[in-house]
Number of protein chains: 2
Amino acid sequence: MSLSKPKIRLFVTEPLGSNGIIGLPADQSHYLRHVMRVKTGEEIALFNGKDGEWRARVDGIGKGWASLELQDQIHAQRIESDLWLCFAPIKRTRIDFLIEKATELGVSRLQPVMTQFTNSTRVNLHRLKARSIEAAEQSERLSVPEICEAISLEGLLATWPGDRELLFCDERHGARGLVAVAADQSASDRSGYAILIGPEGGFDDGERQILLDHPATISVSLGPRILRAETAALAALSTWQALTL
Amino acid sequence: MSLSKPKIRLFVTEPLGSNGIIGLPADQSHYLRHVMRVKTGEEIALFNGKDGEWRARVDGIGKGWASLELQDQIHAQRIESDLWLCFAPIKRTRIDFLIEKATELGVSRLQPVMTQFTNSTRVNLHRLKARSIEAAEQSERLSVPEICEAISLEGLLATWPGDRELLFCDERHGARGLVAVAADQSASDRSGYAILIGPEGGFDDGERQILLDHPATISVSLGPRILRAETAALAALSTWQALTL
């Protein structure tokens, strides 16, 4: 058994434990064999979001299949931050980038939200999921974010959990900055947070009103600069993570 | 004169003031005429990093030329944050993205730094400059960041200005977070800050040592997550901006 850390990391859905055997699906087997040129006897790392990260030895690999023998646990599962990102879908390259960066920054749930000024009418969940798994594999995350079906803003608010604050990134003047809001929250008994970023055109007046009327909403300002939607999302996520470390 | 804000914004190097006439260079004239289909009589906005933002009326436009008549000042020049980003060059799509986002986030200088583990050996300054101007035009920034020639880490430290703190984003454990460091700095008499992000492989031991030995260096941690170089840069920039608003 090698003691160096395997370079390749894959996300799997099966349980991981001692003396287990894992059969990989066709796409991952193909990736290992043809893209990474992995051979029998080599080691990779596996994680599933529950059982930590495991070293696995390739016991056999062929056309569309690979069988791995689990060795030892490299990392125990970590408790990850409970932070959701609710966002209005944006164009393809920018949404890919957003998913990748939000995954690296440790977001626990990605929730597309349809609004009045949302440009994209269709969200390819399969694609977003593949992107986020790839980003988790390439960072050292031990989980992948949950990716939810797109929902309307009204639907989101109607079913909003009572124990989660909704940090509404408000482009209009007057909202407090994240630093001040985070300082207040240290005494709060809410268990989780969500960041909500609107589309490039912002929210319409009606949407703003139902947001401001909702009991979970806290308006926050991201400062004086005009940021694109995906930049605003990443700025809010990284600042919030730094403030609530 | 229209009172709505022009949708097109262009960065120019000439002075802007009342009753002025501006002739645009061929590339910008071409862009206005063939990409944006702008016609005589229409208005665009101009900024130069010094004189605020001005409304300008197209007085004539043709093959490779455009003549604009300055109208009124839409925004006075703002004082922008004095924050540098020193970064080891990364691959093309990722560096483009980094330049765009750092520009939106208000960075004042972009300084490529060559290190032991830097993958790219050549930096196309012309390309980086074009990217940052485009990002400034598309956000509402009134200036463009200064883009410097690439320099070695040793060269950077040897000529480092005495009144600027160097926030060295250190991947090893033990450094304090940005929140704690920012709290200390409120009493400091340094006038500016720079964020330094290493290449994907990190700094080598010798480089780390000369960094830690330099009087301007403050080691900072970006938290428990493993971030790609460009994600780390943006997380540090946005958090620092939020903390020092």
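Which side chain of chain A does B:R94 meet in a salt bridge? The partner is A:E100, with 2.9 Å from N to O. Keep in mind that this is a predicted model.

**Contacts and buried area**
- On chain B, 28 residues are in contact with 28 residues of chain A.
- Together, chain B and chain A bury about 2200 Å² between them, and 59% of this area lies on carbon and sulfur atoms.
- B:E104, B:R225 and B:I226 are the residues of chain B that lose the most area to chain A; together they make up 25% of what that side buries.

**Polar links**
- The salt bridge of B:R94 and A:E100 belongs to an interface whose count is six salt bridges.
- Across the interface, 15 residue pairs are in polar contact.

**What chain B brings to the interface**
- Two helices of chain B, α2 (92–104) and α7 (229–243), each supply at least two residues of the side that touches chain A.
- The largest share comes from α7(B), with nine residues.
- By type, the residues of this side are 11 nonpolar, nine polar and eight charged.

**How the copies are related**
- Chain B is superposed on chain A by a rotation of 180° with 0.0 Å of shift along its axis, at an RMSD of 0.0 Å.
- The two copies are therefore related as by a two-fold rotation axis.
- The C-alpha of B:T239 is the one in chain B nearest the axis, 2.3 Å from it.
- Of the interface residues of chain B, 100% are also interface residues in chain A, so the copies meet through the same surface.

Technical notes
Residues are numbered from 1 along each chain as its sequence is written. Chains are lettered from A and ligands numbered from 1 in the order in which they are written. This is a predicted model: local features need pLDDT of at least 70, side-chain atom pairs count only at pLDDT 80 or more; totals for chains, interfaces and linings use all residues. Side-chain values use heavy atoms; hydrogens and water are left out. Contact means heavy atoms within 4.5 Å. Buried area is the accessible area (1.4 Å probe) that two parts lose on being put together, summed over both. A salt bridge is a side-chain nitrogen of Lys or Arg within 4 Å of a carboxyl oxygen of Asp or Glu. A polar contact is a pair of N or O atoms within 3.5 Å; within protein, one must be able to donate a hydrogen and the other to accept it, and residues adjacent in sequence count only if both atoms are side-chain atoms. Helices (H or I, at least four residues) and strands (E, at least two) are DSSP runs, numbered from the N terminus. Ala, Val, Leu, Ile, Met, Phe, Trp, Tyr, Cys and Pro count as nonpolar, Asp, Glu, Lys and Arg as charged, and the others, Gly among them, as polar. Copies are superposed by least squares on the C-alpha atoms of residues with pLDDT of at least 70 in both.
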